Amino acid sequence: MIVETIVTTMDATGRVNFAPMGVVWGDAELIVKPYRETTTFRNLVATGQAVVHLIDDVMYFARGAISSPEFPASPATVVRGVMLDEACSWREVEVREADTSGPRAIFRCDVVHRGVRREFIGFNRARNAVLEAAILATRTRLLPIDEILAELAKLQVVVDKTAGPREREAMALLTEHVRREAAALAGAGA
């Protein structure tokens, strides 16, 4: 089962990367499948360690999908990395096996430590809609922009019906990003 998470990795110099990513969830093993051109891929190759977070604030997913944000974090316990201060729970992992031959690498990671701050109760419809919007926002150069805008309009209806202020803010951030991308693509004749 793929679970939407925020993955933190560190490069060799100690610079932290925060990335929203679906991972294959397991009790003792997590599978992380980043694209080869991502910072997460480079950091996992360089250090072989990460922290995978369950978090219920969708703004982390929205900002992570469209920029290179920094979030409040504390040092991890076992691996060289950081834990998000607002995470519900996290798992520190070490790469056991890596297949980097395809466009998406497959890192099989052993869970070496875990922590819990509070119960993760899941996402309501608005938060799910924002997660889907965040994924769409990362695909503006891969999918027809008109299809993305149409999907965002459908997701906006769900947000309008069921969201709180944080979800509305996250959705507005993503929608504005996609509109800027659409304008840039139109200007480039794409």
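**Helix packing and cores in a predicted model**

Biologist: Arg-166 lies in helix 5; is Arg-166 buried, partly exposed or exposed in this predicted model?

Modeller: The structure is a predicted model, and Arg-166 belongs to its helix 5. Leaving aside neighbours within four places in sequence, Arg-166 is in contact with Asp-57 and Met-59.

Biologist: How are helix 4 and helix 5 oriented to one another?

Modeller: The axes of helix 4 (residues 145-162) and helix 5 (residues 165-187) come within 11 Å and cross at roughly 165°. Since angles over 145 degrees fall in that class, this crossing makes helix 4, relative to helix 5, roughly antiparallel.

Biologist: How many nonpolar, polar and charged residues make up the contact of helix 4 with helix 5?

Modeller: Helix 4 passes helix 5 in a left-handed crossing. The residues that make the contact include Ile-148, Leu-152, Val-159 and Asp-160 on helix 4, and Arg-168, Met-171, Val-178 and Leu-185 on helix 5. Sorted by class, the contact holds ten nonpolar, two polar and four charged residues.

Biologist: What is the make-up by class of the contact of helix 3 with helix 4?

Modeller: The axes of helix 3 and helix 4 come within 8 Å and cross at roughly 160°, which means that the two helices are roughly antiparallel. Helix 3 passes helix 4 in a left-handed crossing, and among the residues making the contact are Ala-126, Val-130 and Ala-133 of helix 3 with Leu-152, Leu-155 and Val-159 of helix 4. By class, this contact has ten nonpolar, one polar and three charged residues.

Biologist: Which element gives the most residues to the largest nonpolar core?

Modeller: The largest nonpolar core has 36 residues, and those with the most contacts inside it are Leu-84, Val-130, Leu-152, Met-171 and Leu-174. Two or more residues come from each of strand 1, helix 2 (59-66), strand 6 (82-84), helix 3 (125-137), helix 4 and helix 5. With eight residues, the element that gives the most to this core is helix 3.

Biologist: Which residues are in contact with Val-130, leaving aside its neighbours within four places in sequence?

Modeller: Val-130 is listed with Leu-84, Leu-152, Met-171 and Leu-174 as having the most contacts inside the largest nonpolar core. Leaving aside the neighbours within four places in sequence, the residues in contact with Val-130 are Val-58, Val-159, Glu-167, Ala-170, Met-171 and Leu-174.

Biologist: What are the buried residues of helix 1?

Modeller: Helix 1 spans residues 39-47 and is followed by Gly-48, whose phi is positive, near 70°. What covers its buried residues includes strand 1 (2-10), strand 2 (16-24), strand 3 (29-32), strand 4 (49-54), strand 7 (89-99) and strand 8 (106-116). The buried residues of helix 1 are Thr-40, Phe-41, Asn-43 and Leu-44.

How values were computed:
Residues are numbered from 1 along each chain as its sequence is written. This is a predicted model: local features need pLDDT of at least 70, side-chain atom pairs count only at pLDDT 80 or more; totals for chains, interfaces and linings use all residues. Side-chain values use heavy atoms; hydrogens and water are left out. Buried means under 20% relative accessible area, exposed over 50%, partly exposed in between (1.4 Å probe, protein chains only). Helices (H or I, at least four residues) and strands (E, at least two) are DSSP runs, numbered from the N terminus. Contact means heavy atoms within 4.5 Å. Axes are lines fitted to C-alpha atoms, for helices over the stretch in contact, and angles run from 0 to 180 degrees between N-to-C directions. Angles under 35 degrees count as roughly parallel, over 145 as roughly antiparallel, 65 to 115 as roughly perpendicular and the rest as oblique. A crossing is left-handed if the near helix is turned anticlockwise from the far one by less than a right angle, and right-handed if clockwise. Ala, Val, Leu, Ile, Met, Phe, Trp, Tyr, Cys and Pro count as nonpolar, Asp, Glu, Lys and Arg as charged, and the others, Gly among them, as polar. A nonpolar core is a set of buried Ala, Val, Leu, Ile, Met, Phe, Trp, Tyr and Cys residues joined through side-chain atoms within 4.5 Å.
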